[in-house]
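Hi,

Here is the structure you were waiting for. Please have a look, then read the notes below.

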Amino acid sequence: MLRGDIDTILDWVKQGSRVLDLGCGDGELLAALTKQKGVSGLGLDIDASNLIAAIDKGLCVVQQNMEDGLSNFNAKSFDVVIIAFSLQVLTRPHNVLERVVDIGNEAIVSFPNFGHWRSRLSLLLSGRMPKTKALPYSWFDTPNIHFCTVADFEQLCDQLEIKIIERKTSDSGHILAKLWPNLFAKTASYRIKRT
Amino acid sequence: MCFDEPLFLRSGEVLEEYTLVYETYGQLNAEGSNAVLVCHALSGNHHAAGYHSEADAKPGWWDTMIGPGKPIDTNRFYVVSPNNIGGCDGSTGPSSISQSTGKPWGSLFPQVTVEDWVETQKRLAEYLGISHWAAVIGGSLGGMQALEWSVRYPSWLSHCVVFAAAPGLTAQNIAFNEIARQAIFSDPQWMQGDYALAETVPEKGMALARMVGHLTYMSADKMSDRFGRELRQGSFEPDDEEPIFQVESYLRYQGSQFAGRFDANTYVIMTRALDRFDLASHGQGNLTEALGKATAEFLIVSFSSDWRFAPNRSREIVDALLASGKKVTYADIESDAGHDGFLLEDDDYMALVSAWMKRVAS
C-alpha cells in the first residue's frame with residue numbers, strides 16, 4: 001500500500017459512528033468503514049466518475065466541493081469528519097480544517113509528509129521538485145498544490161486552536177519514524193478536535 | 001381502469017368517478033417487492049417506454065431510462081406508469097365527457113394538484129395488488145410527485161428518485177407559466193375553456209404557450225450550438241424572400257406540433273398544479289421539517305445547464321434531507337441540455353442511475 005493511512009483510520013473510527021468523508025474519491029475507505037465498522041456514512045466528492053464508483057459500492061454521496069464553506073452541514077452533525085489524503089489538493093486547507101472541527105465531534109486528517117527524508121534528499125541532490133511512487137506528478141501539472149510536513153501541520157493546528165488528540169505515522173513500527181516523524185514518516189494521520 | 005369511488009380533490013371538488021390509463025413493464029414478483037412507480041411531467045403520459053406498434057415514429061417519452069438492461073431495468077422491476085387525471089391521453093381530464101352533463105368537461109373540469117395525483121396513484125397501486133413501492137421515480141413535475149409520495153405516505157416507498165425538480169416553483173417559474181396561460185387565454189378560439197363545445201381549437205395560443213415553455217427547457221449554449229444565427233430561408237438582401245432564422249422555424253414547429261396533440265385546458269391545469277406545489281407546506285413552511293417525515297432513501301439529480309429547475313433548487317432538497325438526517329445521494333450532471341437533460345441519454349447520468357438502482361431491492 002502506498003498510502004498507509006487507511007488502516008489507521010479504520011482503527012480509529014468507532015463502531016456505528018456517523019461519518020462524513022470529504023473528498024471520498026471512489027468510496028473505498030467509506031465502503032471499508034461501512035463494512036467493518038457499521039458506520040452510517042456520507043461521502044462528498046466533486047468528480048462524476050468518483051461519484052458513480054462510490055454509488056456503485058452502495059454508498060450515499062453528495063456532489064459538492066468541500067471548499068464551498070460546507071454551510072449546509074450543521075455543527076456537530078457527525079461523529080467524525082474525515083479528510084483522507086486530500087488536504088494537499090485544497091486551495092485554502094486552513095478554512096476547511098476550521099469547518100471540519102465544527103461539523104464533527106472530531107476530525108481525522110491524513111496527508112503525505114513532504115518532510116520525509118526522501119523528499120528532502122531528492123530536492124537537495126537533484127534540485128528539482130520531488131516525485132515519488134505515491135506522488136508521481138510534475139510540479140506544474142499536479143492536483144497537489146499544498147504539500148505540508150508534519151511540523152507544518154502541527155503548527156497550523158496550534159495557530160487555529162485545534163487540539164491534536166492523537167497522531168499516527170506510517171512506518172510507525174520503525175523507531176526513527178517514532179522519534180523523528182517529520183523526517184521519517186511517509187504518511188501522517190491525525191485525530192483532531194476543536195479546543 | 002375506471003375507479004368509481006369518489007375522489008375528493010384538494011380544491012374541495014369531487015370527481016365521482018374517473019378513468020386512469022396506465023402502462024406496466026416487467027413482471028411483479030411473488031413477494032410484490034419490485035414495483036416501481038414512474039410519474040410523468042407536464043406534457044408526458046402513461047406511454048413511458050417501448051413502442052406500441054412498428055408504425056410508431058418514437059418510443060415512449062422515457063425509453064432511454066426504462067427497459068430491459070436500462071437504468072430502470074424491466075428485467076428486475078415491475079414498472080407502473082399512469083397518465084395523471086387532468087391529462088389528455090386517456091385518463092379523465094377536461095377533454096373527457098362529463099357523466100353529469102354528457103358533454104366535454106372543458107372549463108368545468110376541477111383544478112387537480114400533485115397531492116390529488118398521488119391519491120390516484122395509490123388507488124391504482126392497490127388495484128394492482130401493490131402495497132409498497134420499491135421506488136417512486138420522476139423528473140420535473142414527476143419529481144414533485146415522487147417528493148409528495150415520500151412525505152405523504154412515507155411507509156409506502158423505500159426509495160425516492162427525483163430528477164430536475166424543485167420543492168416549489170420560483171416566482172420566475174410561475175411567471176413563465178402565467179405567460180403560457182395568458183397566451184392560451186388570448187386566443188379567440190379559447191372560448192373560456194369551452195372550445196370543444198364551440199368546436200374550435202385554440203391552436204395559436206397553445207403553440208405560443210409551448211414556444212415559451214420549450215425555450216425555457218433549453219440552455220442558451222445548446223441553442224447557439226444547434227441554431228446559431230443560421231437562416232432557414234431567405235436572406236437580408238432587399239429583393240430576396242423574408243429571412244427566417246433556424247431557431248424561429250424550430251420553435252414554430254415545436255409549437256404547432258404540440259398544439260396538435262395536447263389539450264389547452266390540460267396545459268392550464270398542469271401548469272397550475274406545478275405552480276401550487278409546495279413541499280414545505282408539509283412542515284408549516286419548513287422544508288427540513290417537511291422532509292423529516294420521509295423514511296425513504298433519496299437520489300436527487302440536477303443538470304448543470306437547467307435554469308428552469310436549477311441545480312440550487314435540487315440542493316435545497318438535498319440540504320433539507322441532510323439536515324433531517326436522511327439518506328441521500330446527489331449529483332449535478334454536467335450537461336448542456338437544460339431542463340430537458342433528464343429525458344435525454346447521457347453517459348454519466350445513465351451510469352449513475354444504473355449504479356444507484358442496484359440498491360433498490362427487486
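In chain B, nine residues of domain 1 are in contact with eight residues of domain 2. Contact means that the C-beta atoms of two residues, placed from the backbone, lie within 7 Å. By class, the domain 1 side holds two nonpolar, four polar and three charged residues. Ala, Val, Leu, Ile, Met, Phe, Trp, Tyr, Cys and Pro count as nonpolar, Asp, Glu, Lys and Arg as charged, and the others, Gly among them, as polar.

This is a predicted model: local features need pLDDT of at least 70, side-chain atom pairs count only at pLDDT 80 or more, and totals for chains, interfaces and linings use all residues. Residues are numbered from 1 along each chain as its sequence is written, with chains lettered from A and ligands numbered from 1 in the order in which they are written.

Domain 1 of chain B covers 22-82 + 132-167 + 279-357, and domain 2 covers 174-271. These bounds come from an automatic or database domain assignment. The two domain centres, taken over C-alpha atoms, are 28 Å apart.

Now the chain interface. Here 13 residues of chain A are in contact with 18 residues of chain B. On the chain A side, helix 3 (48-56) and strand 3 (61-63) each give two or more residues. Helix 3 of chain A gives the most, with five. Helices (H or I, at least four residues) and strands (E, at least two) are DSSP runs, numbered from the N terminus. The chain A side divides into eight nonpolar, four polar and one charged residue.

One more detail: B:Val136 touches, among others, B:Leu37, B:Trp149 and B:Cys160, leaving out residues up to four places away in sequence.

Best wishes
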